[in-house]
Amino acid sequence: MDTLLLSRIQFGANISFHILFPTITIALGWVLLFFRLRYSATGDAKWIGAYRFWVKVFALSFALGVVSGITMSFQFGTNWPGFMERVGNIAGPLLAYEVLTAFFLEAVFLGIMLFGFSKVPAWLHTLATFLVAFGTTMSAFWILVLNSWMHTPAGFEMRDGVAFATDWWAIIFNPSMPYRLVHMLLASGLTVAFLMAGLSAWRWLKGERTGELRVALRTGVTLAAVLIPLQILAGDMHGLNTLQHQPAKVAAMEANWETRPNVPLVLFALPNSETRSNDYEISIPNGASIILKHDPDGVVPGLNDFVAEDGTPLHPPVSPVFWSFRIMVGTGMAMLAVSFAAAVLVWRRGQLETAAGTWGLRALVLMTFSGWVATLAGWYTTEIGRQPWLVQGVLTTADAVAAVPAPMVLSTLVVYLAIYAALIAAYVSVLFYLAGKAVKGSLGPVAPAPLAPGRPALQPAE
């Protein structure tokens, strides 16, 4: 493998590891705020008990997200110097806005959120929880602004091969930003919902029956059942936006080689880049035209429209995009079925103690990390689908890579992969260790909280 491919794999591995943790903290911050507000309103200890468990998960995820984000920024300089040389006038300020408006907010108030529950007034602890949740969302906003601009660049002009901003509003609210932002925020919500439901189901199957477990389980299941239909709708709108601005990516997602009407929806196939056709195709007639054009006779662009005169493909590699897209959609359909069935079992009194309830809880445990699977598959679809461009129509990936010897990139890649594998194993082990401690009731009593005057004192957990 050459330097370009190795550098792409290394950056892909880095961002794949990094994205796992912001995907949790973005939505979990708002869930913690919900728990905190419910405790302030009712004084019921089960809400603060749930808060105390899940704030540990937030802290662990936040720490790994920050560390992996720092190493990722180093790679801009070591592996991709052409990126900042060509579009640094736009990427640099957007990354700076993220640090100034989001990271500092999180860093300042995270300590109060984690350690200030019994040390500061209730209103200040609640405010700190809100500001940390707001900071994680703002961080996602700025990063997705930059990422969306790389897919649908706007508001700039090129001077001597360097991009200069001409309209910052057009840069920030570029054509794909709203769709990409909503899709990612919903993905974060679903990741947290299934993580919360899965770990809570595991604790239930181990025998725990506390009030904090019941509210966490109900919150996770309800959140999943509400968000998954919204995500399907948002995904459809995001796909139509992608068809408008990046038709080659959609053609790869559908493994559609020819521009034509009545394009079938391919369920299974082995895309063949040599024959430029699909082997062993199983498809639904007119399906892709109906989904993408809302018309069975709708004309859908094909991959053969994106080939240079000398035969060089100007579209992304088909198989990785085709399969990652199907993994994302398949995981989403499983989420839909499991969340709806689990919601019925959890909310109907006594159903969790039945055989159907046990099987439902086991399904939730199996789906604990399904949000990660769907997020990574979606991320691969959109990022590999942008190739060969780093910034669509402006800068190719090959023009941005550093002239570093391939063996050097390979050696650092091996080190990265080893560290990431160890950290992921440690992270998952700690999650179940914390869950196991909760089952044994060894988290300790809830510390007295500075409730507002007139509020009832803490109540024992159910």
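Residues count as buried under 20% relative accessible area, as exposed over 50%, and as partly exposed in between, with a 1.4 Å probe and protein chains only. By this scale Leu267 is partly exposed, at a relative accessible area of 47%. The model is predicted: local features need pLDDT of at least 70, side-chain atom pairs count only at pLDDT 80 or more, and totals for chains, interfaces and linings use all residues. Residues are numbered from 1 along each chain as its sequence is written, and side-chain values use heavy atoms, with hydrogens and water left out. Helices (H or I, at least four residues) and strands (E, at least two) are DSSP runs numbered from the N terminus.

**Salt bridges**

- The structure holds 7 salt bridges, each defined by a side-chain nitrogen of Lys or Arg within 4 Å of a carboxyl oxygen of Asp or Glu.
- Arg209 pairs with Glu353, their closest N and O atoms being 3.3 Å apart.
- This pair links distant parts of the chain, 144 residues apart: Arg209 is in the loop between helix H7 (177–205) and helix H8 (211–245), and Glu353 in the loop between helix H11 (318–347) and helix H12 (355–366).
- Arg209 is partly exposed at 31% relative accessible area, while Glu353 is exposed at 52%.
- Arg326 and Glu254 form a salt bridge at 3.9 Å, N to O; Arg326 lies in helix H11 and Glu254 in helix H9 (residues 247–254), so the pair ties together parts 72 residues apart in sequence.
- Arg326 is buried at 15% relative accessible area, and Glu254 is buried at 7%.
- In the salt bridge between Glu383 and Arg386, the closest N and O atoms are 2.8 Å apart; Glu383 is buried at 14% and Arg386 at 6%.

**Pockets**

- A pocket, on a 1 Å grid over the protein atoms alone, is an open set of points where a 1.4 Å probe fits, with protein on both sides within 12 Å along at least five of seven lines; lining residues have an atom within 4 Å of a point.
- The largest pocket holds about 1500 Å³ of space; of its 48 lining residues, Phe11, Ile15, His18, Met72 and Ile143 are the closest to its centre.
- Helix H1 gives the most to the lining of the largest pocket, with 10 residues.
- The lining of the largest pocket has 30 nonpolar, 13 polar and 5 charged residues, where Ala, Val, Leu, Ile, Met, Phe, Trp, Tyr, Cys and Pro count as nonpolar, Asp, Glu, Lys and Arg as charged, and the others, Gly among them, as polar.
- The second largest pocket has a volume of about 1000 Å³; of its 38 lining residues, His183, Gly235, Phe325, Met328 and Val329 are the closest to its centre.
- H8 gives the most to the lining of the second largest pocket, with 8 residues.

Key. Points joined across faces, edges and corners; volume = space filled by probe spheres on them.
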